[in-house]
Amino acid sequence: MNILLTNDDGIYAPGIRALEKELRQIGEVTLVAPLVEQSGVGHSVTFLTPVVVRKEYVGDQFRGWAVEGSPADCVKLGLFEFCPQKPDLVVSGINGGLNAGINVLYSGTVAAAIEGAFFGLTSIAVSLEYNEHAEFARAASLARRVIEQLLAQKGPEPQLYNVNIPSAAVAQEPGDSTTSAAKVVPMGLDRYGESYEKRIDPRGRPYYWATNDPPPRPGQIETDCSELAKGFVTVTPLDFDLTKHQYLAKMRDWHIKL
Ligand code: MN
């Protein structure tokens, strides 16, 4: 199996190192990742400036390509330039921080997976709950088990998945708890309680800094947000078709004149 691996935390992030180690056990990995952290850049692409790429080595061992661009740039470049052949799988992560609920739409990690899906490739985004002492090695081993099962069961069509791992799921031994099965759930749609903190700089000018408020309280419906809060690993199948098809059918009768 040929795997294109990327992330949005950058090629030196611990999450991608851990996942790289696991994925190299199940396939040939082509690593193409941003040189510096790109968290929150969403699906941005670089086209006004050149994209500089350099080869990264561990000692004298070639590791992958470090791209001065976004996660989506990495997938495009990886597929057009660096993968020896069309990969069977695109993996993005492990991100340091969950990508659940509407954060999926801000996420560079998920955007890289979506970019892979644009090319008709099965693509999987993997994120781990933020923790100063995040156990990426254990999360990566868990992620590999999930990825192998998704691939075994998904059928012939390419699919796009978003996998999130809460800290609680990493802390426990495999198979020894009620949260040992992943939950397949839809993406939560609640808005996060984000706001801005207003501060004053040394010259008396106001500036603003986005706060990192906790996610909304889980509602009645089971979503990635609600189940992650309970300590479950979540898997959400995604699609990038943003058309509201049912409404489109109704709108066809509108006869909008010019
Ligand atoms: Mn990130």
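User: Which spacing do the donors of the manganese ion follow along the chain?
Analyst: Donors are N, O and S atoms within 2.8 Å of the metal. This is a predicted model. The protein donors here are Asp8 (OD), Asp9 (OD), Ser39 (OG) and Asn95 (OD1), lying 2.0 to 2.2 Å from the manganese ion. Along the chain, their spacing is D-D-x29-S-x55-N.

User: How many residues apart are Asp8 and Ser39, and where do they lie?
Analyst: Asp8 sits in the loop between E1 and H1. Ser39 belongs to the loop between E2 and strand E3 (53-58). The pair links distant parts of the chain, with a separation of 31 residues.

User: Is Asp8 buried or exposed?
Analyst: Buried means under 20% relative accessible area. Asp8 has 3% relative accessibility, so Asp8 counts as buried.

User: Which element gives the largest share of the largest nonpolar core?
Analyst: That core has 34 residues; Leu23, Val91, Val126, Val163 and Ile165 have the most contacts inside it. Elements giving two or more residues include strand E1 (2-6), helix H1 (14-23), strand E5 (89-96) and helix H4 (136-153). The largest share, eight residues, comes from H4.

User: Which residues does Leu23 contact, leaving aside its neighbours within four places in sequence?
Analyst: Leu23 is among the residues with the most contacts inside the largest core. Beyond those sequence neighbours, its contacts are Ile3, Leu5, Val29, Val91 and Ile147.

User: How many residues make up the second, separate core?
Analyst: Its members include Trp65, Val67, Cys83 and Leu121. The count for this second core is twelve residues.

Key
Residues numbered from 1 in each chain as written. Predicted model: local features only at pLDDT ≥ 70, side-chain atom pairs only at ≥ 80, totals over all residues. Heavy atoms only, no water. Core = buried A, V, L, I, M, F, W, Y, C linked by side-chain atoms within 4.5 Å. Buried < 20%, exposed > 50% of the residue type's maximum accessible area, 1.4 Å probe, protein only. Helix = DSSP H or I, 4+ residues; strand = E, 2+ residues; numbered from the N terminus. Contact = heavy atoms within 4.5 Å. Donors = N, O, S within 2.8 Å, 3.2 Å for Na, K, Ca; no water.
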